[in-house]
Amino acid sequence: DTDRALVLLEEYCKKLRKPEEQQLKKAIRKVMGIFKSSLFQALLGRNLSIFKKATRHGTTSHTSLPAALACDVLGCPKD
């Protein structure tokens with residue numbers, strides 16, 4: 001469960017206070033950001049807005065899903 005992992009990572013980060021632990025803390029925060037990203041959530045099948053955008057732009061096939069994901073992350077060109 002991604003939400004549980006985020007909670008555990010946040011709790012662990014709070015314990016990292018020593019100067020030599022800051023690089024690890026930074027890396028963990030980066031992973032947390034990835035877990036929260038719309039692309040990661042879409043890969044988990046949680047972001048239905050991507051499918052709605054794909055449908056709105058006329059791309060409904062499974063082969064167009066990567067394009068829809070990129071569109072969601074990078075922004076779709078204006079029609």
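**View 1. Contacts and surface across the whole chain.** Residues 24 or more positions apart account for 37% of the contacts (heavy atoms within 4.5 Å) in the chain with a separation of 6 or more. The model is a predicted one, where local features need pLDDT of at least 70, side-chain atom pairs count only at pLDDT 80 or more, and totals for chains, interfaces and linings use all residues. Residues are numbered from 1 along each chain as its sequence is written, and side-chain values use heavy atoms, leaving out hydrogens and water. The chain holds five helices and zero strands, counted as DSSP runs numbered from the N terminus (helices: H or I, at least four residues; strands: E, at least two). Of its 79 residues, 23% are buried; buried means under 20% relative accessible area, exposed over 50%, and partly exposed in between, with a 1.4 Å probe and protein chains only. The accessible surface is about 6,100 Å², with 60% of it belonging to carbon and sulfur atoms, as computed by the Shrake-Rupley method with a 1.4 Å probe, where for residues only the protein chains shown count as cover.

**View 2. The largest nonpolar core.** Six residues make up this core: Leu6, Cys13, Leu16, Ile28, Met32 and Phe35. A nonpolar core is a set of buried Ala, Val, Leu, Ile, Met, Phe, Trp, Tyr and Cys residues joined through side-chain atoms within 4.5 Å. Both α1 (2-15) and α2 (22-36) supply at least two residues each, and α2 gives the most, with three. Leaving aside residues up to four places away in sequence, Met32 touches Leu6, Leu9, Glu10 and Cys13.

View 3. The side chains of Arg29 and Glu10 meet at 3.2 Å, N to O, within the rule for a salt bridge (a side-chain nitrogen of Lys or Arg within 4 Å of a carboxyl oxygen of Asp or Glu). Arg29 lies in α2 and Glu10 in α1, so the pair ties together parts that are 19 residues apart in sequence. Both ends count as partly exposed: Arg29 at 38% relative accessibility and Glu10 at 25%.
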